[in-house]
Structure formats: structure tokens, C-alpha cells
Amino acid sequence: SSVTYKLLKRVVKKISLFIVSVFLINFVTIAQDIKIGYTNVEYILSFLPETKQVQSEVQAYGTQLQNQLQSKITDFQSKADAFQKTAATMTDLIRADKQEELQNLQASIQKFQNEAQTTIAQKGEDLFKPLFEKISNAINVVSERENYTHVLSAGVPGVDVLLYARPTDDISNLVLAELGIDPPSGSND
């Protein structure tokens, strides 16, 4: 019984070693197929010539809405000043009507201001979308050509998913080259 136990123990140990070695071989094989790179989309975006045009369009749109908002505010202030000057001579009915009109104007200004912020953000998103798609396509081309299995995002504070990486795994300049942009001198390839 003691001999059988020792023999069984040896067999289990050999089987365990065999399973562990098969697992390690598979792990090493899988690990050899993994190639991870990273890039900073904002960095790449800053070099695209279209970026300045898009930024300019978003800013012009924002300025247009800001001017409209300022016009509404000026109109409100003018009517509020006129109300202040003549309120004492108005009948109760007219005074109440003018107060309601001023409250409605004030609510309209607040609503316009909130909607303008949302609209500007949406306009920026719509205009930048083709640029991000262009960068994404270039990242895909570089990743396939260079045999990267994974490409992580880097350089966006608070959204950065990369905590450590070798500078040699940064594919940003390869993506810039794919987009036809000369990478800045002295940076990694």
C-alpha cells in the first residue's frame, strides 16, 4: 500500500509537470504572437493640416452664437432699463405684463446659452469625426503592416490607458508618416 501510494504520487507529479510544461509552451507561443504598440491620437491630430481649419470653423460657429447671445442680452438689458424707468407710471396690468416679458426673455437667454454650449460641442464632434476616422484608418494600416496585435491609447490625461511602455513601442510617428506627414525630428519611430 505504501509502495502504491509512492508510485501514484510519482505518476501524479509527472502528469502535473507535463501539464505545466504544455501550458508554458502554449503561453510562450501565444506571447510570441503578441506585439503591443501605443500612440497618442491628440499628438497626431495636432499635425494634420485640416485640424486648424476645423478648429477655426468651430471657433467661428461659437463666435456667431456668442454674438447672437450678446444681442439677446443687450435687448434684455435695454428692456429692463426701460422698465425700471417707467415702472412707477405703469398700471398694474401693464407692469405685470412687462415683468412677465422680462422673465421670458431671461429664460430665453438661459435656454439659448445652454443649447449653444451643446450645439458647439456637437459641431466640433461632427467636424472632427472625419479626422479621427482618418487617423484610425492610418493606425489600422500601420498596425497590420508592422504586425501589431494591440495598439493602446496614450497621452490623454484622465483617459490614458497606458501606464508604462517602452518609447520604441510608440507608433505615433509611423502613423504620421502613413498620413504623409513628416514626423518632427528627434522623436521616436
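In these legends, a residue is called buried under 20% relative accessible area, exposed over 50% and partly exposed in between, with a 1.4 Å probe and protein chains only. The model is predicted, so that local features need pLDDT of at least 70 and side-chain atom pairs count only at pLDDT 80 or more, whereas totals for chains, interfaces and linings use all residues. Residues are numbered from 1 along each chain as its sequence is written, and side-chain values use heavy atoms, with hydrogens and water left out.

View A. I34 is partly exposed, at 41% relative accessible area, and sits in the loop between α1 (2-33) and β1 (36-39). Helices (H or I, at least four residues) and strands (E, at least two) are DSSP runs numbered from the N terminus. Together with I36 and L152, I34 makes up a nonpolar patch on the surface, the three having about 230 Å² of accessible area together. Patches consist of residues with over 30% relative accessible area and no salt bridge, with nonpolar side chains (Val, Leu, Ile, Met, Phe, Trp, Tyr) joined within 5 Å and like charges within 9 Å. The accessible areas come from the Shrake-Rupley method with a 1.4 Å probe, and for residues only the protein chains shown count as cover.

**View B. Salt bridges around K79.** A salt bridge here is a side-chain nitrogen of Lys or Arg within 4 Å of a carboxyl oxygen of Asp or Glu, and the whole structure holds 8 of them. One joins D75 to K79, with the closest N and O atoms 3.8 Å apart; these residues are separated by about one helical turn, because they lie 4 residues apart in helix α3 (residues 49-86). D75 is partly exposed at 33% relative accessibility, and K79 is also partly exposed, its relative accessible area being 33%. K79 forms a salt bridge with E101 as well, with a closest N to O distance of 3.3 Å. Since K79 belongs to helix α3 and E101 to helix α4 (residues 92-145), this pair ties together parts that are 22 residues apart in sequence. E101 is partly exposed, with 28% relative accessible area.

View C. The side chains of R145 and E146 meet in a salt bridge of 3.4 Å, N to O. R145 is partly exposed at 44% relative accessibility, and E146 is partly exposed at 29%.

View D. Rings of Phe, Tyr and Trp (its six-membered ring) are paired if their centres lie within 6.5 Å, and planes under 30 degrees apart count as stacked, over 60 as edge-to-face and the rest as tilted. The count by this rule is 2 aromatic pairs. The Y43 and F47 rings have centres 5.1 Å apart and planes at 70 degrees, so this pair is edge-to-face; both residues lie in helix α2 (residues 41-47), 4 residues apart, about one turn of the helix. F128 and F132 form a tilted pair, at 6.2 Å centre to centre with 40 degrees between the planes. F128 is buried, with 16% relative accessible area, whereas F132 is partly exposed at 33%.

**View E. Lysines over tyrosine rings.** A charge sits over a ring if NZ of Lys or CZ of Arg is within 6 Å of the ring centre and within 35 degrees of the ring normal. K35 lies over the face of Y148, at 4.5 Å from the ring centre, and K123 lies over the face of Y61, at 5.1 Å from the ring centre.
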